[in-house]
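Student: Could we go through this structure together, taking helix packing, pockets and charged pairs in turn?

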Amino acid sequence: MDDVDRIVEQWARERPELQTEAMAVFGRIYRLARVLGDRQEKVYGALGINRGEFDVLATLRRAGAPFQLSPKALSASLMLTTGGMTGRLDRLERAGLVTRSPDPDDRRGLVITLTEHGRELVDEAVGAGLDAQREVLERLPEASRRRLSTLLRELLAATE
């Protein structure tokens, strides 16, 4: 039994008419997300960035050479407001991880470009982050990991 089982059991005792299957599933998903999020934050913090900053750098890196996007494209990809994006970009630019330059295709626009230092940092961060995630997943047998990935994909697809 884990903490989620105990919570579900308490609800079953207090409100036996409730269907608590979803609580058991999502309670564990929420707890895993929090635990793994904290681990990722420590990994990225050791490199001098936070998870939000990592997300910006990783989005630019995944865009491929020349590793640049407009602030609007970054905001849309990360589901952030432009105000939230501006704060992250300010910090990343001060750290020398990104640059802002005029968009050659739009006189009013900007382009955010990953610097060489930013690319090296995000490459290190993504490797370190994956190592931390793999450390947790390797506690399950390979067949269970594949099954879990498939089930989560199906559940996510059912919600979209």
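This is a predicted model: local features need pLDDT of at least 70, side-chain atom pairs count only at pLDDT 80 or more; totals for chains, interfaces and linings use all residues.

Student: At what angle do helix 2 and helix 6 pack?
Tutor: Two packed helices are described by the angle between their axes and the distance between the axes. For helix 2, residues 21-46, and helix 6, residues 116-137, the axes lie 9 Å apart. The crossing of helix 2 and helix 6 is right-handed, and the angle at which they pack is about 145°.

Student: Which residues of helix 2 meet helix 6?
Tutor: On the side of helix 6, the contact is made by Ala125, Ala128, Gly129, Ala132, Gln133, Glu135 and Val136. Sorted by class, the contact of helix 2 with helix 6 holds seven nonpolar, three polar and two charged residues. The residues that helix 2 brings to this contact are Leu36, Arg39, Gln40, Val43 and Tyr44.

Student: Which residues are the closest to the centre of the largest pocket?
Tutor: The largest pocket holds about 960 Å³ of space, and its lining divides into 15 nonpolar, five polar and six charged residues. Helix 2, helix 6 and helix 7, which spans 142-159, each supply at least two residues of that lining. Of the 26 lining residues, the closest to the centre are Ile29, Leu32, Leu36, Leu148 and Leu152.

Student: Which helix gives the most to the lining of the second largest pocket?
Tutor: The second largest pocket contains about 220 Å³ of space, and it is lined by Gln40, Tyr44, Arg51, Phe54, Asp55, Val126, Gly129, Leu130 and Gln133. The elements that give two or more residues to this lining are helix 2, helix 3 (51-62) and helix 6. By class, the lining of the second largest pocket comprises four nonpolar, three polar and two charged residues. With four residues, the element that gives the most to it is helix 6.

Student: How many residues apart in sequence are the parts tied together by Asp5 and Arg28?
Tutor: Side chains of opposite charge can pair when their charged atoms come close. A search of the whole structure finds 16 salt bridges, and one of them joins Asp5 to Arg28, with the closest N and O atoms 2.7 Å apart. Because Asp5 lies in helix 1 (residues 3-14) whereas Arg28 lies in helix 2, the pair ties together parts whose separation in sequence is 23 residues.

How values were computed. Residues are numbered from 1 along each chain as its sequence is written. Side-chain values use heavy atoms; hydrogens and water are left out. Axes are lines fitted to C-alpha atoms, for helices over the stretch in contact, and angles run from 0 to 180 degrees between N-to-C directions. A crossing is left-handed if the near helix is turned anticlockwise from the far one by less than a right angle, and right-handed if clockwise. Contact means heavy atoms within 4.5 Å. Ala, Val, Leu, Ile, Met, Phe, Trp, Tyr, Cys and Pro count as nonpolar, Asp, Glu, Lys and Arg as charged, and the others, Gly among them, as polar. On a 1 Å grid over the protein atoms alone, a cavity is a set of points where a 1.4 Å probe fits but cannot get out, and a pocket is an open set with protein on both sides within 12 Å along at least five of seven lines; lining residues have an atom within 4 Å of a point. Grid points are joined across faces, edges and corners, and a volume is the space filled by probe spheres set on the points. A salt bridge is a side-chain nitrogen of Lys or Arg within 4 Å of a carboxyl oxygen of Asp or Glu.
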